[in-house]
Amino acid sequence: MLCGIDEAGRGPVMGPLVVGTVYSKDDEGLIGIGVKDSKKLTPKMRERMYDEITSSVDHWDICVMSAADLDANMKKKTLNEIEMGMFAELARKWDCDTVIVDCPEVNESSFEYRLSLLIGKDVEVIARNKADDTYPIVSAASIVAKVNRDRMMEDICEEFGMDVGSGYPSDHYTMDFIKEWIEKNGNTPPHVRTSWEPIKQLMMIRKNTKIDDW
C-alpha cells in the first residue's frame, strides 16, 4: 500500500494550511486519471480529478490547520516542523508499506529520518523535492489538498460577503482586502496569519500612521 502526502497553503497570508493524503495499492489508476502537480491544473481539471481520485482510491483524508493555530504554533516550531507533524498524523491513519511526501527542505534525507521517527512505525519513507511532479500518489494528494483549501477559501469569501482572493500575498484581492480592513479597524481580519511578514509590515505601517496623525 502506497501513501502519498502533500500540502496546499504553505505560503498564503490568509486561510488554512491543508495537507492531503491518498492511500492506494498502486498508482496505475491515478496515472489513468492523469494526475499531476495541482499547480499545473486548472480549477475545473482539479475538481474533475478530485472526484475521480476520492471515489477510486483505498483511502484519502486531509489535515487542516487554521491561520490562528498556525500563528500559535509558529511561536514554538518552524513551518517545516508543523508541516512534518501534519504529515505524520496522516501517515499513521491506515496501514501502508511506503509513505511518499513532497519534501519542503533541501536536505531530503534529514527530513525522511525525522519524519520516520514521528510516524513511529515500520514503513519506508521517501521525501523528495517536487514529489508532486514525479510521484502520481503525491500528485493525487496535492489535488486533494488544493481542492479542499480552495473550497475553504470560498467559504471565507462567503463569510465576508466579498471576494478576498486566494489568500496569497501575490493576489491583489487578498492584499487589498487586508489593507482596507486594517486601515478601517486597526487590526487584522479573521483567517489572517498575523505572524507572516507581509502582515507584520502592514500592521507596522498602520501603527506608524496613527503615531504620525498625532
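Which residue of β4 stands opposite leucine 2? In this predicted model, in which residues are numbered from 1 along each chain as its sequence is written, the answer is threonine 98. Local features need pLDDT of at least 70, side-chain atom pairs count only at pLDDT 80 or more, and totals for chains, interfaces and linings use all residues, while side-chain values use heavy atoms, with hydrogens and water left out.

Strand β4 covers residues 98-102; strands are DSSP runs of E of at least two residues, helices are runs of H or I of at least four, and both are numbered from the N terminus. β4 runs parallel to β1 (residues 2-8), with four bridges between them, and parallel to β5 (residues 124-128), with five bridges. Two strands pair if DSSP finds at least two bridges between them. Valine 99 has valine 125 of β5 as its bridge partner.

Five of the five residues of β4 are buried, so the strand is largely enclosed by the rest of the structure. Buried means under 20% relative accessible area, exposed over 50%, and partly exposed in between, with a 1.4 Å probe and protein chains only. Thr98, Ile100 and Asp102 cover one side, and Val99 and Val101 the other.

I turn now to arginine 46, in helix α2 (residues 43-56). Arginine 46 counts as buried because its relative accessibility is 8%. A polar atom of its side chain lies 3.0 Å from the backbone oxygen of serine 38. Leaving aside residues up to four places away in sequence, arginine 46 touches Ser38, Leu41, Ile143, Lys146, Val147 and Asp150, where contact means heavy atoms within 4.5 Å.

Conventions. A polar contact is a pair of N or O atoms within 3.5 Å; within protein, one must be able to donate a hydrogen and the other to accept it, and residues adjacent in sequence count only if both atoms are side-chain atoms.
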